[in-house]
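User: Please take a close look at one part of this protein for me. I want to understand the nonpolar core and the helices packed around it.

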Amino acid sequence: MALKDVLIDELRDMYSAENQLVKALPKLAKGAKNPELKALFTSHLQETKGQVERLRQVFEHLGKKATGQHCNGMEGVIKEGSEQLEKDEIGASFDAGLIGAGLRTEHYEIAGYTAVISMAKLLGEKEIVSLLTENLNEEVAAAKKIVAAGAPILKAASKEPEAPKGPKSAKEKQSDKKSQEDEKKAASSVSKPSSKSQIKN
Ligand SMILES: [Fe+2]
Ligand SMILES: [Fe+2]
């Protein structure tokens, strides 16, 4: 498989990821309680639509179809974000969870664009590098804005009392079980968790 084929595959992945975000960002915007965070997700939705448009231009330049690959990674990242939206935390603690979710999506995109830009540079595709760099710059700026808007939210959340925990839902129990399996599978390669540390669940 030539580098150009790898680039096209990765670009299709990015195109799917951006389209998935066009659907997911309004949910984050709707869920956010903090007005600044809400506005940030809304404005990034507009940017994301522009990014889809730039990716279409990239494909036009390559004479290829934009579709053909679903981004499983972004599907997973978005799923984690929707789980965050279902949490019964209140106030700033709820928004604190959305900051993590938002940052994960931006950094996933930053990784993707960094890779495709390096490939396009090697292939001498200047026009494509320039379009993709515009997208990358917006993702980097979005991540920075989330961190800045997030600082006062995290501070407020740190002052909120710990909410009493109800019984675990079936979904939470399933997730707990899977995480124990993750630990078990890695157990032979990593040191044992310290028995001295306080265990809370
Ligand atoms: Fe994006
Ligand atoms: Fe983004």
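This is a predicted model: local features need pLDDT of at least 70, side-chain atom pairs count only at pLDDT 80 or more; totals for chains, interfaces and linings use all residues.

Analyst: Residues are numbered from 1 along each chain as its sequence is written, while chains are lettered from A and ligands numbered from 1 in written order.

Start with the overall plan. The protein has six helices and zero strands (DSSP runs numbered from the N terminus: H or I of at least four residues for helices, E of at least two for strands). From the N terminus on, the order of elements is α-α-α-α-α-α. Along the principal axes, the C-alpha atoms fill a box of roughly 55 × 45 × 25 Å.

Now look inside. There are 201 residues in the protein, and 31% of them are buried (20 or more other C-beta atoms within 10 Å of the residue's own; 12 or fewer is exposed, in between is partly exposed, and C-beta atoms are placed from the backbone). Contacts also tell us about the fold (two residues are in contact if their C-beta atoms, placed from the backbone, lie within 7 Å). Take contacts between residues at least 6 apart in sequence: 77% of them join residues at least 24 apart.

Next comes the core itself. The largest nonpolar core has 38 residues (a set of buried Ala, Val, Leu, Ile, Met, Phe, Trp, Tyr and Cys residues joined through C-beta atoms within 7 Å). Five helices each supply at least two of its residues: H1 (3-31), H2 (35-62), H3 (72-86), H4 (91-122) and H5 (126-158). H1 gives the most, with ten residues.

Leu132 is then in contact with Val58, Tyr113, Val116, Ile117 and Ala120.

How do the helices lie against each other? H4 and H5 pack at an angle of about 160 degrees, and their axes are 8 Å apart (axes are lines fitted to C-alpha atoms, for helices over the stretch in contact, and angles run from 0 to 180 degrees between N-to-C directions). That angle makes H4 roughly antiparallel to H5 (over 145 degrees; under 35 is roughly parallel, 65 to 115 roughly perpendicular, and the rest oblique).

H5 also packs on H2. Here the angle is about 170 degrees, and the axes lie 10 Å apart. H2 is therefore roughly antiparallel to H5. On the H2 side, the contact includes Leu37, Leu40, Gln51, Arg54 and Val58. On the H5 side, it includes Ile128, Leu131, Leu132, Ala142 and Ile146.

H3 and H4 form another pair. They pack at about 170 degrees, with axes 9 Å apart. So H3 is roughly antiparallel to H4. H3 brings Gly73, Met74, Val77, Glu80, Gly81 and Gln84 to this contact. H4 brings Gly97, Leu98, Ala101, Arg104, Thr105 and Tyr108.

Ala2 sits in the segment before H1. Ala2 counts as exposed because it has 8 C-beta neighbours inside 10 Å. Lys65 lies in the loop between H2 and H3. It has 10 C-beta neighbours inside 10 Å, so Lys65 is exposed too. Lys65 and Gln46 are 19 residues apart in sequence, and 23 Å apart from C-alpha to C-alpha. Glu183 belongs to helix H6, residues 170-186. Glu183 is exposed because 12 other C-beta atoms lie within 10 Å. Glu183 and Pro193 are ten residues apart along the chain, and 9.7 Å separates their C-alpha atoms.

Technical notes
Lists of a residue's contacts leave out its neighbours within four places in sequence.
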